[in-house]
Amino acid sequence: MNTIQSLLDFWKQDADTAPNFSAWQTTPPRPAQTHPFPNDLPDSLRTALSSRGIDQLYSHQLSAWINARANKNIILATSTASGKTLAYNLPVLAAMLQNTEARALYLFPTKALAQDQFSTLANLTLETWNLKAAIYDGDTPQSSRSLIRKNARIVLSNPDMLHTGILPHHSNWSDFFGNLKFIIIDEAHTYRGVFGSHVANVIRRLKRIANFYGAKPQFILASATIGNPKELAEKLIEAPVELVDNDGSSRGERHFIIYNPPVTDPTLGLRKSSLLEGVRLANDLFTRHIQSVVFARTRRSVEIILTYLQGGNQNTILENRKSNTELSNIGSSIRGYRSGYLPLQRREIEQGLRDGSVRTVVATNALELGIDIGGLGAAILVGYPGTIASARQQAGRAGRGDDPAVSILVASPNPLDQFLAHHPEYFFGRSPEMALVNPNHLLILLEHLRCAMFELPFQKGDGFGSISDELLDEYLEFLVANQDAHFSNEKYYWMKDQYPAANISLRSASPQSIVLQSTADDGRPTTIGTVDGESAAWMVHPGAIYMHEGQQYFVQEYNLENHLAQLIPVGLDYYTEAQRNSEIEVLSTNAHSTVPGGEKAYGEIQVTTQVVGFKKLRWFTYENLGEELLDMPPSELQTTGYWLSLSEDTVSHLRDAGAWSNDANNYGPDWTQIRERVRKRDQFTCQVCGAVETNRQHDVHHKTPFRAFVSFEDANRLENLTTLCRTCHQKVEQNVRMRSGLAGLGFVLGNLAPLFLMCDARDLGVHTDPAWKPANNMPTVVLYDHVPAGIGFSQKLFEIHNELIQRALELVSQCECEDGCPSCVGPGGENGVGGKAETLEILKRL
């Protein structure tokens, strides 16, 4: 019996697994739709393909050939592993064999993908063809670069290198650009949002340079399944594009399962950890020798899963008294894969997946792109990856060719995951998201106009993409007024010394990366990886436990000036979690209006974030072992935000509502004496308004809520207690309740919004403030774009406000928990309980 089938049968019978399947979709096998080689395929290419066992083309490969030979721009949008690479290589190679001067530029979003496709190209071409192909990126040695510029007929690169290393120096590439016939843009679905908007402008500059040298290249794009491949392609290259989506590749039986971990505490609505359940399912696959990939949403989750998997399988082998060799092989057969690993490590892991020596790989979406890792039997997605397109891309990693395969989405407690687990038809029935780009985003466009002017002066009347002549003139005049440009003889010239591309990151990404350095056994410093500047403050702050390939490292020093973190390998029973504080200031309001229960608005904001400390959490039990304070430099982000402020009427209603009164607590046997000591210490005076006790004794209030503690002793420490008059105490307690309700509102809105924006949850920031200054000190929730200058999410949220509130009310009302849980309003609120009633009250008023 097939190994995968026997495992699926076992899961269906297993009492720990079967009850937790909330959906199981099986897609039957699909035969290939093939066609003979077209008559105009050059003989030498026909022979090369036959010698590699390829005697026919899939229907989409033939369609691509016919359209490309008719000089049309095309986009291939077919499933993972359907042979898109061959579909775009054939027209390019045929043109090169027929025209010995022809050149082609291949663009990939990552350097790893360029390496991978370079090998594919090398396997397909013969030395006698004289089709010199070369990679030209940041890793290309300086000594090789001039030869590549001169001799290479196919150049493989990435948009970043094209932007900083090729276009600004186009005069060194005059032969190449003069004969440029094809531009291949692979993984086009990754060019969305800010990155895509930058890339669309780089393509405008590329077309302008090619045109200057007399070339009009043809574009072939390839994309994973998205909702709008043709529209995206036409926005990226600003020319008509033919869609090729008649996927003719064969496919074995595919199972897609949604697995929702069981509820462990019905009162609190807590479920078993999706991470640990993912590990358990991955262990089932590992012990049955089914090669699999486990996708995790964050770099830290990758390392935690890796640690559990490697540890768990070592225990299994020890129990079975198997050999030491097998024990030492565990580490090499279960590997991690994410950004921050060095290129050499990644190549080694990819090779291990292809040759079978790596049986399980735990990865972030770095492995989502089309790097050739052979056919895997299974994919586990620990947590919904944020978009349907991404989920399909990750699931598509399981199964190559006609073999059966299984993909399992293990739902996390996140409200979005729970929404999909309870409404699987939403997941299976919905078309993948649209990839949105806005090349005319003002800040991005101005940056690329500067780059384009540095490359070639603008003649009066020259165009730049789809921008109208009047608007372009206005922008160019702005650059003159800003002393970036000089206008003379009907031309605009760049007049500054430095070249502008050097200071513009296409990914709007963060400052320079931080190098992670440890010490080898012989005492020499050794680099174990890198972390991008934006993440460094919370991943490698002093005292952090950083994990790499399952090994723990303690961060001794974090040197921001030298972009260096000093680490030592350790084996501790805890990991760390950074604590962050944010402040938000409104720079300008674009629109605002009154809505039921309050006001909504959107505009430009400045977000200041600072890592202020970290928690130490014990492995497996997540017990908090202590907290430490940090003094890290703050980071600033200027972006756009949408905010929702409650009205005074709503606040008054909530204060008067029964839902806002506190339940009585049992403060322990010594409470009467402790209360007396605190009032005496505070001289029987309210510590807020200064009122002295008269007929009624003042109250004693817990600064950190009583229910947040495990024991009476900790909660009733004198430094945690203060004396308040009855009026001030009621205000403070109401504010605590208000904060819980507001935190719940922020939690549910922040988690549901991505579903309506068709973006990743990580593209949005959420901030709640019970007395936000810009909103006249009213309770406010702010949702903001996580990218400089924003990409339009805030305006969209402003527009869909009513639907978002309605869906949030449905989600919280329908949740089965008693008083809030991670699947609706978030874990326990500020008063130590969930805040569900408070959030519901707010949502009803809204």
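Student: How many residues of the lining of the largest cavity are nonpolar, polar and charged?

Tutor: Rolling a probe the size of a water molecule over the atoms shows where empty space is left. In this predicted model, the lining of the largest cavity divides into five nonpolar residues, one polar and four charged. Here Ala, Val, Leu, Ile, Met, Phe, Trp, Tyr, Cys and Pro count as nonpolar, Asp, Glu, Lys and Arg as charged, and the others, Gly among them, as polar. A cavity is a set of points on a 1 Å grid over the protein atoms alone where a 1.4 Å probe fits but cannot get out, and lining residues have an atom within 4 Å of a point. The model is predicted, with local features needing pLDDT of at least 70 and side-chain atom pairs counting only at pLDDT 80 or more, while totals for chains, interfaces and linings use all residues. Residues are numbered from 1 along each chain as its sequence is written, and side-chain values use heavy atoms, with hydrogens and water left out.

Student: Which residues line the largest cavity?

Tutor: The lining consists of Arg299, Arg300, Glu303, Arg338, Met539, Ile545, Tyr546, Met547, Tyr575 and Thr576. Helix H12 (299–319), strand E24 (545–548) and strand E27 (574–595) each supply at least two of the lining residues; helices (H or I, at least four residues) and strands (E, at least two) are DSSP runs, numbered from the N terminus. The largest cavity holds about 90 Å³, a volume being the space filled by probe spheres set on the points, which are joined across faces, edges and corners. The count of cavities of 30 Å³ or more is two.

Student: What span should helix H14 have?

Tutor: The expected span is 1.5 Å times one less than the number of residues. Helix H14 (residues 343–355) has 13 residues and should therefore span 18 Å, which agrees with the 18 Å between its end C-alpha atoms. Its buried residues are Gln345, Arg346, Ile349, Glu350, Gly352 and Leu353. They cover an arc of only 160° around the axis, so they lie on the same side of H14; the arc is that of the directions from the helix axis to the C-beta atoms. Among the elements covering them are helix H5 (111–124) and strand E15 (334–337). Gly356, with a positive phi near 90°, follows H14.

Student: How many residues of helix H15 are buried?

Tutor: In H15 (residues 388–395), seven of the eight residues are buried. The elements that cover them include strand E11 (254–259) and helix H17 (424–429).

Definitions and conventions:
On a 1 Å grid over the protein atoms alone, a cavity is a set of points where a 1.4 Å probe fits but cannot get out, and a pocket is an open set with protein on both sides within 12 Å along at least five of seven lines; lining residues have an atom within 4 Å of a point. Buried means under 20% relative accessible area, exposed over 50%, partly exposed in between (1.4 Å probe, protein chains only). Contact means heavy atoms within 4.5 Å.
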